[in-house]
Amino acid sequence: MNRQLFRASSQKGITFGIVLIFLVLINFHIMAATMISKLMGTNVLRGAIPEVRFLTYFLVFFGIWIGWSAASKSEKAGTRVLQGLVAGLSMGVVVALFDLILVYLLQTQTDMRRYLTNLGFDNINFFLQGFGANGILVHLGMFVLSGVVGSVLEIFFQSEGVANSKQAVRNFLAESKDQILDRLPDLVKKTGKYLFYLILLVLLFMLPSRWGSYYNFVFGLVGLYVIAGIGLNIMLGLSGQFMIGLAAFFAMGAYSVALLNAPQPHGLMWGFWPALLIGILAAVIVAILMGLPTARLRGDYLGIVTLGFGEIVRLLLQSDVLSKFTGGPRGIQNIQGPTLMGKPFNDVTYMYLILICMAVSIFLYYRLEKSRTGRAWLAIKEDLIVAQATGVNIQKYRLLALCIGAAFAGLAGGIFAARNLFTGPNDHTFMVSINILSLIIVGGMNSIPGILLGAFTLKGLPEILREIENYRLLVFGALLVVMMLVRPEGLWPASRPNLEHEVKEKIMKDKALSEEESDA
Amino acid sequence: MKKHVYVSLVVLFALLLASCAPAAAPAAEAPAAEAPAAEAPAAAGEPAVCATDDYGCAKIEPGQTIKIGMGSPMTGGDSAFGIDAENSGKIAVADFGEFEGFQFELVAEDDTGTAEGGAAVANKFAADPTVVGVAGHLFSGASFAAAPIYEEVGIPMLSPSATNPDLTKQGFRVFNRVPFTDALQGKAAAEYMYNVLGFTKVAFLHDSQDYGKGLAEIAAAEFEALGGEVVELLGIVSKEADYSPVLSTIAAKDPEAVYFGGYTQDAGVITNNMKTTGLENAVFFGCDGTFGTDYLNRTAANGEGSYHATPRTPPDTPEKAAFDDAYMEAYGVGPGELSPFTWNSYDTTTALMEKVTEVAVLGGDGALYIPRGALVDAVRNLTNWTGISGTYTCPPVGDCNIEGPQFWVVENGEFVAVN
Amino acid sequence: MQAKKESPPRIKRRNYFNIIRTIFGILVAAYVVWRLYTVLVVEQQYTPDIWIRLLIAGLIIGGVYSLVAIGYTLVYGILFMINFAHGEVMMIGMFAGYFFLEATKSIQTASGLNFSNAHPVITVLLAFVIGMTVASTTGFFLEKIAYRPLRKAPRLIPLISAIGASIFLQNAAQLLFSPQVRDYANPSVINRGIGWPVTIAGANITISYTGALTFGMSILLMIGLYWLVQKTKLGKAMRAVALDKKTAALMGIDVDAIISRTFIISGALAGAAGVMWGFHNGITYFYVGFLPGIKAFTAAVLGGIGNIPGAMLGGMFLGLIESIAPTALGISYQLKDVIAFVILIVILIFRPSGILGEVLSEEKV
């Protein structure tokens with residue numbers, strides 16, 4: 001086994017070892033062990049320490065993972081096992097060193113929790129799996145063994161036999177799918193797509209009243225973020241304006257509905273729908289105020305200016321100076337929402353409202369994208385100077401994009417405030433803008449399924465997965481980085497017809513055809 | 001294209017799975033007064049009281065735990081409050097022990113201190129039939145959004161720190177809180193400064209957050225009503241690291257004292273900055289948010305002579321000392337270092353558990369039945385209940401702390417009670 | 001054939017946006033002048049010593065902002081990306097200094113004092129060194145993991161990656177060290193709140209030791225950086241890479257290594273800023289880098305992005321504005337951030353490339 005492979009494997013092992021130490025220091029391993037134990041049936045009370053064997057499963061899994069990833073496909077079996085061994089050994093050494101420190105802390109009874117909050121003695125004993133000082137050697141052995149096992153598994157799963165059987169299964173599935181599709185009646189084949197949408201529609205109609213108010217709440221939130229995300233997409237994706245201050249528009253919509261529909265601070269009760277319209281209008285006005293002075297700014301500058309605007313709006317809402325008008329840091333409570341035939345909306349009707357608004361937004365988005373305005377935006381985004389040369393009024397269209405996007409965000413904000421019955425300056429921080437931005441980029445910019453998926457992943461899943469609650473934001477940050485590294489075009493990227501590519505292909509095909517003819 | 005189909009199928013599957021997984025929670029449907037309240041007795045052994053209770057009963061099967069919820073910011077800039085509350089709550093649950101063979105469990109959820117989070121957590125708790133009470137929420141904004149949801153399903157709230165006065169003016173049956181309102185503390189502080197300390201020129205600062213601003217404004221108004229001069233009423237930007245500019249500006253007006261509504265972090269910075277901005281001789285007068293060893297550590301000698309407030313605590317009881325030791329041992333930091341509401345959280349969790357044991361009935365089938373309406377009323381009717389942080393009486397609207405604050409002065413690096 | 005600005009060539013026609021802009025500018029100027037007049041001439045409630053205090057506070061904060069802003073500008077000039085995680089690098093440097101000071105607090109020396117009090121000078125210097133080292137290491141790994149693979153991607157992608165890295169670092173710090181807000185244990189000689197009493201303009205002003213330390217170190221580091229960039233080979237290489245990566249590579253410069261070194265230097269500066277912040281203000285917790293990060297980036301843009309003297313100027317300018325403007329304009333101190341952002345917007349409207357103009361490579365266009 002040559003030097004390079006050795007270095008690569010040991011580096012991998014060391015990296016994994018450091019990652020494991022980090023996870024231990026943030027108590028992630030306890031959460032993982034808890035999850036494993038729940039999966040296997042043993043329930044663990046919140047905050048209690050699960051049994052040690054679940055930690056063993058977790059650590060072994062880690063070791064197998066590193067063994068697997070260290071073994072590279074191109075080498076012979078013997079080398080691969082060695083790679084797994086080396087990786088496991090390096091990781092084991094790193095963890096063993098860490099264990100040495102832990103044992104020292106235990107033996108001198110030094111309480112480090114003032115500095116590293118999870119190094120309590122219970123935790124240390126748990127990580128050493130109850131073996132105390134012997135835990136060092138136990139860990140070392142465990143990682144070496146599981147590294148080897150991992151590489152063996154890799155050999156097995158990547159071997160010819162397994163690959164062949166995988167291919168056979170795939171072929172079988174494809175064939176059976178084709179057979180089933182052939183056997184379907186013609187009617188279904190023709191209308192398949194429409195049937196799918198019909199089923200989806202029926203589900204969407206029935207689910208809100210069935211699945212309980214918690215899911216209505218969570219998916220309602222997802223829906224609102226989708227609407228705001230479509231707004232941001234119009235500004236950022238369709239017309240290329242770098243905007244990170246969406247929270248300002250959202251706040252305008254929310255506060256308009258709130259101020260005009262609550263007993264304090266003004267005692268106005270103008271009704272939800274007029275207030276919503278006013279909210280959208282207010283958002284558009286703020287967009288104009290934001291767009292006019294900044295029309296000449298380049299991308300990143302525009303971003304920082306819009307960030308500034310977002311913060312200005314929030315700070316003004318919170319300030320003493322305007323608190324008689326906006327309610328100050330206390331916020332506005334008891335917002336009256338819309339009523340349907342005398343009864344105020346409950347969570348089910350809100351869900352329907354949000355679904356309708358989502359449908360309208362998606363429809364508008366598609367119409368805009370394909371309209372003349374949409375093409376003008378595309379031109380501005382792709383090449384500013386050429387667009388100007390072709391007679392597109394840059395400033396007008398940019399402003400239009402800002403206004404329309406702001407309107408969507410204002411709509412979402414208004415419904416948001418009414419649904420929560422309360423809103424305050426802390427609901428409209430910079431993080432809201434960041435969330436919406438991340439959502440459309442992780443989901444896939446310029447693609448509606450992408451935005452839906454992004455909203456669900458970034459807003460819906462963390463609510464549902466409250467098990468990993470404390471680590472929610474940590475995972476969110478890591479997810480953003482990983483997504484950008486692995487799949488920057490988004491989870492469900494837009495499929496834009498690539499005319500250049502099609503033309504090139506056609507030319508190649510024609511060329512190939514003519515060559516055949518000349519050969520023949 | 002294939003990948004997209006797979007992804008959408010996965011998402012659809014996940015949605016369907018999610019909608020099927022939890023038992024359709026009957027507690028989530030609004031059991032409003034107009035619906036026929038009498039449920040057919042589900043199983044033999046359900047006590048009669050459940051049929052007449054306006055919210056019905058929570059049923060805890062043998063093997064399940066009685067859950068006490070907690071909503072607080074556990075991530076983000078204010079996470080110290082949430083983590084501290086969870087720590088206290090866990091000790092409270094451990095101290096309380098079992099009841100009729102059933103264990104209590106603390107379920108602390110992150111509401112980020114905002115209305116959005118508060119509503120999300122409230123919905124989650126409302127959908128879980130084994131959550132019977134909530135020791136929260138910690139922040140007023142979240143409490144506002146959460147209370148109507150709890151009101152619908154009958155989960156009582158006992159908040160250790162939500163001080164927005166309007167919370168108890170909404171007519172909620174379920175909302176109660178143990179800290180004194182800003183109205184009470186502000187008035188008492190103004191009176192103390194004017195009558196006892198004899199100040200006539202005071203500058204009032206707050207941290208621009210709900211709690212601090214309300215407090216400072218009331219204190220300033222009361223001080224002025226008494227005849228004092230409010231030199232300045234200003235908000236600072238919270239969690240900044242240097243307040244010299246604003247303090248220099250205040251120094252120009254020569255106040256005798258600086259009253260601050262906010263928490264220890266900003267209070268520490270302000271106290272330190274006061275020494276270098278011309279306010280060396282002014283007295284720092286804080287509130288219950290600024291009280292704690294945290295403040296002493298931050299300000300060292302600069303904090304001498306400053307005033308702070310707490311609820312009227314019984315003199316250091318053995319229970320309090322035991323709690324302090326338990327906290328330190330379990331978490332490695334002292335109580336009160338993460339947030340000033342450590343003791344309040346312990347008490348609210350304990351009080352809720354106590355009331356549960358008072359109203360719960362063991363059914364014939366071995367399950368525990370907790371009539372929700374009775375629990376809501378029991379929590380509201382807390383009278384002269386003494387915990388480690390004070391004595392509380394909640395009727396009629398849920399403001400449980402009607403005694404005024406106790407003031408403390410820092411002498412030789414320690415807190416000394418002055419009234 | 002280079003157009004340095006993205007805006008279209010100025011067509012000589014009556015553009016009504018320009019008219020609106022001019023009117024806007026006149027309104028703003030009028031407001032400022034009126035407020036200044038009211039506060040300074042009419043009400044006159046502030047004696048000169050107040051202004052001097054404000055000036056001192058502004059310079060101190062400005063120094064910190066400048067250091068962090070230089071970090072942003074270095075990275076932007078080379079990579080055209082906003083390093084959102086820079087504030088977190090500062091926070092990590094701050095924590096490193098904190099742990100070091102806690103360690104020195106517990107070592108007892110022969111004279112009965114702890115190490116920190118017995119040898120304050122060494123303690124302070126070592127705190128800086130350690131803070132800067134840890135921060136630059138963090139910067140190095142940040143670049144290696146989160147930015148290097150994305151170098152060829154469209155601009156938005158590394159930005160999201162930076163945001164993700166920032167959130168990750170913040171929460172990692174919260175989970176590792178708990179959200180407890182900690183205090184820097186200064187050697188008692190330079191405790192917060194004590195300083196030199198000076199008499200200026202007839203009033204007693206205290207120049208705090210920590211403030212002087214902060215300001216002094218900032219100036220020192222800025223001079224050091226300027227020398228590094230202008231007079232050393234590494235600096236020349238950095239400028240070359242910032243100007244034109246491809247040609248620099250052709251000239252034999254290892255572009256990857258230079259970019260790594262830029263991150264290391266910017267991280268070191270942020271770490272120093274963090275340690276200073278810790279000494280002067282004492283507040284240390286996981287969220288502390290967020291707001292200064294945004295403000296420092298604002299300062300960098302204000303001075304002209306990519307422009308190192310611009311970043312220094314922008315930082316100082318922002319610090320002074322934050323300190324003096326609320327009082328000078330008679331606006332509540334609570335709105336100081338609003339003032340800062342408004343000034344940013346106003347300056348960018350009239351001078352879209354910042355005060356000293358931007359220094360960017362031709363690739364950008």
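**View 1. Chain C as a whole.** With 365 residues, a compact globule would have a radius of gyration near 21 Å, and chain C agrees with its 22 Å. That radius is taken over C-alpha atoms, and the globule rule is 2.2 Å times the number of residues to the power 0.38. This is a predicted model, where local features need pLDDT of at least 70 and side-chain atom pairs count only at pLDDT 80 or more, while totals for chains, interfaces and linings use all residues. Residues are numbered from 1 along each chain as its sequence is written, and chains are lettered from A and ligands numbered from 1 in the order in which they are written. Along the principal axes, the C-alpha atoms of chain C fill a box of roughly 80 × 65 × 40 Å. The chain has 13 helices and four strands; helices (H or I, at least four residues) and strands (E, at least two) are DSSP runs, numbered from the N terminus. Of its 365 residues, 53% count as buried. Here a residue is buried if 20 or more other C-beta atoms lie within 10 Å of its own, exposed if 12 or fewer, and partly exposed in between, with C-beta atoms placed from the backbone.

**View 2. Chain A as a whole.** Chain A has 21 helices and four strands. Its C-alpha atoms fill a box of roughly 85 × 70 × 50 Å, taken along the principal axes. Of the 520 residues in chain A, 47% are buried. Among contacts in this chain between residues at least 6 apart in sequence, 78% join residues at least 24 apart. Two residues are in contact if their C-beta atoms, placed from the backbone, lie within 7 Å.

**View 3. Where chain C meets chain A.** This contact takes 44 residues from chain C and 42 residues from chain A. On the side of chain C that touches chain A, at least two residues come from each of helix H1 (16–43), helix H6 (156–177), helix H11 (290–303) and helix H13 (336–350) of chain C. H6(C) supplies the largest share of that side, 14 residues. By class, that side of chain C has 32 nonpolar, eight polar and four charged residues. For this count, Ala, Val, Leu, Ile, Met, Phe, Trp, Tyr, Cys and Pro are nonpolar, Asp, Glu, Lys and Arg are charged, and the others, Gly among them, are polar.

**View 4. Where chain B meets chain C.** Here 32 residues of chain B and 34 residues of chain C take part. Helix H3 (79–96), strand S8 (229–235), helix H8 (244–251), helix H9 (264–274) and helix H10 (293–299) of chain B each bring at least two residues to the side of chain B that touches chain C. H8(B) gives the most to that side, with five residues. The side of chain B that touches chain C holds 13 nonpolar, 15 polar and four charged residues.

**View 5. B:Tyr259 in the nonpolar core.** The largest nonpolar core has 389 residues, and B:Tyr259 is one of those that touch the most other members, along with A:Ala228, B:Tyr150, B:Val258, B:Ile370 and C:Ala272. A nonpolar core is a set of buried Ala, Val, Leu, Ile, Met, Phe, Trp, Tyr and Cys residues joined through C-beta atoms within 7 Å. Leaving aside residues up to four places away in sequence, B:Tyr259 touches B:Ala189, B:Val202, B:Phe204, B:Leu205, B:Ala216, B:Ala219 and B:Phe285.

View 6. Helix H12 (residues 342–359) of chain B has 18 residues and reaches 27 Å from its first C-alpha to its last, close to the 26 Å expected at 1.5 Å a residue; the expected span is 1.5 Å times one less than the number of residues. H12(B) is mostly covered, with 15 of its 18 residues buried. Three strands of chain B form an open antiparallel sheet in the order S1-S13-S12. Strand S1 (57–60) and strand S12 (361–362) of chain B stand at the edges with a single partner strand each, so one side of each is left without a neighbour in the sheet. S12(B) and strand S13 (residues 368–371) of chain B pair over two bridges in the antiparallel sense, and two strands pair if DSSP finds at least two bridges between them. B:Val361 stands opposite B:Tyr369 in S13(B).

**View 7. Two asparagines with positive phi.** Phi of A:Asn27 is near 65°, and this residue lies in the loop between helix H1 (3–25) and helix H2 (28–39) of chain A. A:Asn27 counts as buried because it has 21 C-beta neighbours inside 10 Å. B:Asn384 has a positive phi of about 50°, and B:Asn384 is exposed, with 7 other C-beta atoms within 10 Å.
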